[in-house]
Amino acid sequence: MNNEQVYRSFIEQAFENHNKSIVAAISHVYKFQGEMPGDFMKANRELSNREKNEIIRDILYPF
């Protein structure tokens with residue numbers, strides 16, 4: 001998987017686990033940032049803010 005796929009997969013899973021609350025999902029991800037899997041941390045480091053925002057926007061778009 002490439003960085004975008006890794007990031008998208010992890011954020012989508014967090015979104016679902018937090019009852020489709022993107023605020024709770026993102027807060028959880030960054031609160032436990034040091035405990036995240038290495039592939040997610042790599043993707044998080046290497047993607048630009050714009051790329052991350054686009055991924056999050058795409059996850060939220062159906063809502």
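Two aromatic pairs turn up in this structure, which is a predicted model. Take the pair formed by Y7 and F40. The ring centres of Y7 and F40 lie 5.4 Å apart, and their planes meet at 15 degrees. Planes under 30 degrees apart count as stacked, so this pair is stacked.

Where do Y7 and F40 sit in the chain? Y7 belongs to helix α1, while F40 belongs to helix α3.

Are Y7 and F40 buried or exposed? The cut-off for buried is under 20% relative accessible area. Y7 has 2% relative accessibility, so Y7 counts as buried. F40 has 1%, so F40 is buried as well.

Now turn to helix α2, which runs over residues 22-31. Which of its residues are buried? They are I22, A25 and V29. These residues cover an arc of only 65 degrees around the axis, so they fall on the same side of α2.

What covers that buried set? The cover includes α1 (3-17), α3 (38-46) and α4 (49-60).

Terms used. Residues numbered from 1 in each chain as written. Predicted model: local features only at pLDDT ≥ 70, side-chain atom pairs only at ≥ 80, totals over all residues. Heavy atoms only, no water. Buried < 20%, exposed > 50% of the residue type's maximum accessible area, 1.4 Å probe, protein only. Helix = DSSP H or I, 4+ residues; strand = E, 2+ residues; numbered from the N terminus. Arc of directions from axis to C-beta. Contact = heavy atoms within 4.5 Å. Phe/Tyr/Trp six-rings, centres within 6.5 Å; stacked < 30°, edge-to-face > 60°.
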